[in-house]
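I opened my notebook to get to know a new structure.

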Amino acid sequence: MRAGAVVAVPTDTLYGLACSASCSEALSAVYRIKGRNEIKPLAVCLGRVADVYRYCHVRVPEGLLNDLLPGPVTLVMERSEELNKDLNPFTPLVGIRIPDHAFMQDLAQVFGGPLALTSANLSSQASSLTVEVRVNQFSTWKHH
């Protein structure tokens, strides 16, 4: 991912596509792969609640963050200057995810930076809940 790759990953809710949120080329690749309108924002996946304070202007009590994260929620907050300007450039807000999934938390912590995260499906099609659905959709992506 440090070299700009986009990878398919399991999360606590569905399968997703992830890439470095700091790599503008990888962000563009996610939109291209999904056939997604670039005005639609991508979420940011972090490894720990403490990371939220680096990438967002937090205006809620820390206890609330710890109650909600990790979990199957996306919290929308004002982005900090630490995030890549090419990530969701049309909004000052960003959706933050810390999936309640050990692999994703480990991946985000080992990567050491924010990951852009979105569902692993073609835009406007059903989300991938199983590997089989994900593999079937991928076979159609090769033509995009």
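I started with Val 44, which is buried because its relative accessible area is 0% (buried means under 20%, exposed over 50% and partly exposed in between, with a 1.4 Å probe and protein chains only).

Before going on, I noted that this is a predicted model, where local features need pLDDT of at least 70, side-chain atom pairs count only at pLDDT 80 or more, and totals for chains, interfaces and linings use all residues. Residues are numbered from 1 along each chain as its sequence is written, and side-chain values use heavy atoms, with hydrogens and water left out.

Where does Val 44 sit? I found Val 44 in strand β3 (strands are DSSP runs of E, at least two residues, and helices runs of H or I, at least four, numbered from the N terminus).

Next I looked up its contacts (heavy atoms within 4.5 Å). Setting aside neighbours within four places in sequence, Val 44 touches Leu 83, Leu 87, Val 94, Gly 95, Ile 96, Arg 97, Pro 114 and Leu 115.

Last, I checked β1 with β2 (residues 15–20): they pair in the antiparallel sense over 4 bridges. Val 7 has Ala 18 in β2 as its bridge partner.

Terms used. Two strands pair if DSSP finds at least two bridges between them.
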